[in-house]
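Good morning, colleagues. Please take a moment to look at the sequence and the model on the screen before I continue.

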Amino acid sequence: QQQVKQSPQSLIVQKGGISIINCAYENTAFDYFPWYQQFPGKGPALLIAIRPDVSEKKEGRFTISFNKSAKQFSLHIMDSQPGDSATYFCAASIRSSASKIIFGSGTRLSIRP
Amino acid sequence: EAQVTQNPRYLITVTGKKLTVTCSQNMNHEYMSWYRQDPGLGLRQIYYSMNVEVTDKGDVPEGYKVSRKEKRNFPLILESPSPNQTSLYFCASSLISGRAGREQFFGPGTRLTVL
């Protein structure tokens, strides 16, 4: 019940296309859903996050869509650029567990020029 | 500059030889955590600490020890490393409360190989 399932494991998108990464969870007590971006040789860094009281959050070309009833959330990258090539992790946490975060398995995204 | 530092960045060792990976943060964060990253498995939590002298097991604690004697430092200790502990290790820290709470700041990683 603590798992966060992420798909696909890898994704190749043409420059200018839309990249979509999906995650699903079981524990309805999760109340914070961040996405982390990791470039090769670096630690992950927070990209964007959403709380379950909204269905969508947009920051620039990055959008999180959240479906509370389906217990699913996704990351959309519009107008994907080669600089977006990285590994993306979805995650979920529960406020009662303070900062403990459960991460998905990661998606390696490659944007072809 | 606000950051999490880890040392060493790369380490090759042999089975059974005790080692310590250091982690330090300069952001006065209460929460610190260790993760290991393996292909296809994502980031799995090893141990975490809510504050000085308060530590708890994560999802994969076997074979690891930690201590939190100072707020800024959270070393990871492998008393008797084995080849299945070959992995990429990350230390992270965050605030616990407030609007900025729960964003985790990661170190640059330590790549450990146990022969």
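Predicted model: local features only at pLDDT ≥ 70, side-chain atom pairs only at ≥ 80, totals over all residues.

In β8 of chain A, A:Ser74 is the bridge partner of A:Asn22. That bridge belongs to the antiparallel pairing of strand β3 (residues 19-25) with strand β8 (residues 72-77) of chain A, which runs over six bridges. Strands here are DSSP runs of E with at least two residues, numbered from the N terminus, and two strands pair if DSSP finds at least two bridges between them.

Residues are numbered from 1 along each chain as its sequence is written, chains are lettered from A and ligands numbered from 1 in the order in which they are written, and side-chain values use heavy atoms, with hydrogens and water left out.

The open antiparallel sheet of chain A has five strands, in the order β1-β3-β8-β7-β6. Its edge strands, β1 (4-7) and β6 (56-59) of chain A, each pair on one side only.

Elsewhere in chain A, strands β4 (residues 33-38) and β5 (residues 45-50) pair in the antiparallel sense over five bridges, with A:Gln37 opposite A:Ala45. Six residues lie between the strands of this hairpin, and A:Gly41 takes a positive phi near 80° there.

Turning to chain B, four strands form an open antiparallel sheet in the order β1-β3-β8-β7. Its edges are β1 (4-7) and β7 (65-66) of chain B; each has a single partner strand, so one side of each is left without a neighbour in the sheet. β7 of chain B pairs with β8 (residues 76-78) of chain B over two antiparallel bridges, and B:Val66 stands opposite B:Leu76.

How many residues of chain B are in contact with chain A? There are 24, in contact with 23 residues of chain A, where contact means heavy atoms within 4.5 Å. The area buried between the chains is about 1,800 Å², and carbon and sulfur atoms give 50% of it; buried area is the accessible area (1.4 Å probe) that two parts lose on being put together, summed over both. B:Leu43, B:Arg102 and B:Phe106 supply 39% of the area that chain B buries against chain A, more than any other three residues.

Between chain B and chain A the count of salt bridges is zero, a salt bridge being a side-chain nitrogen of Lys or Arg within 4 Å of a carboxyl oxygen of Asp or Glu.
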